[in-house]
Amino acid sequence: GAVASGGAAEVAAAVAAGRAGLEGAARGATPSPAQERAAVLDGAAVLLAERTEQFAGTIAAEAAKPVRTARVEAQRAVDTFRFSAAEARTLAGDVVPLDASTAGAGKLGLTLRVPVGVVGAISPFNFPLNLVAHKVAPAIAAGCPVVLKPASQTPLSALTLAEVLLDECGLPPGWLSVVTGSGRDIGDPLVDHDGVAMITFTGSPDVGWSIRARAPRKKVSLELGNNTPVIIEGDGDWRTAAAKIKVAGFSHAGQSCISTQRILAHRSIHDACVAALVDEVSTLVVGPPLDEATDVSSLISAGDTERVEGWVREAVAAGAKVATGGD
């Protein structure tokens, strides 16, 4: 696929469109009422459910996620929109008794939730549909326009989703703008723009914390990387653990913040754990992402492939033993 390469001017236009949408909502235009926002989200859930195969194919084609795994992601995105529709219908404030203070005796305070403003959303490559949905759907539920910067490696799923929302589900223009391009060209202007009230970012810790430091006056929501361990005690069910780690460690070639990245096994069962895990991992089918039999396909880029190969070489040089694979 080919997409546009935007910059600061496109970000500014998208933010302006979002702010215009908010001003229109304040005057009573759509999609201000909660039931209208919920209807948009419900409609998206229905269409996503009907087009699971189409979206799974797009995810597999652009991210090299095996199509069986991509299908699960597309199905999860349906739930994300359903849950967000429910939130749109139930978002409310609170009634607060004020009689903890003498001056408040016999009085009640009322709180009401209102949209924070335009949301700048920056999503990663590894879940190019559902992590976009995680940002876009709740923002719509809350009545907030979104300017979305999808990962530059995987913009097609986001663009397809935007077409569904804008062209078929009744989301008015300006309430979702997808601006494609690099982090430098799109992400930086989005984080810095005074018209953006909140930034939501999923990705690496270094980038996430730099965004937080760069936008001290904005609300910033971060979902960052991990170094997920599995700990197996001497009396643990290590056979089941090996079978689970086969999936948890190698799904989408391990390109997930919650993939198993370290295994700490008690010395009394260490060798048996290694042997069981080698048996499990050796059955993984490596192949093209659109093949139904494929368990593991390519990494997202040639540079990432070289990085992982480098880690294997470093480990072997430091005394590690390659039990299976490694080339």
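1. Burial. Of the 327 residues in the protein chain, 42% are buried (under 20% relative accessible area; exposed is over 50%, partly exposed in between; 1.4 Å probe, protein chains only). This is a predicted model: local features need pLDDT of at least 70, side-chain atom pairs count only at pLDDT 80 or more, and totals for chains, interfaces and linings use all residues. Residues are numbered from 1 along each chain as its sequence is written, and side-chain values use heavy atoms, with hydrogens and water left out.

2. Overall fold. The protein chain has 11 helices and 9 strands (DSSP runs numbered from the N terminus: helices are H or I, at least four residues; strands are E, at least two). Its C-alpha atoms fill a box of roughly 65 × 60 × 40 Å along the principal axes.

3. Contacts along the chain. Take contacts (heavy atoms within 4.5 Å) between residues at least 6 apart in sequence. Of these, 71% join residues at least 24 apart.

4. Helix α10. This helix covers residues 270-281, 12 residues in total. From first C-alpha to last it reaches 16 Å, close to the 16 Å expected (1.5 Å times one less than its number of residues). Its buried residues are Cys273, Ala276, Val278 and Val281. They pack against β8 (229-232), α9 (238-250) and β9 (262-265).

5. Leu222. This residue sits in strand β7, residues 219-223. Leu222 is partly exposed, at a relative accessible area of 24%. Setting aside neighbours within four places in sequence, Leu222 contacts Phe201, Gly208, Trp209 and Arg212. Gly18 is 204 residues away along the chain, and the two C-alpha atoms are separated by 22 Å.
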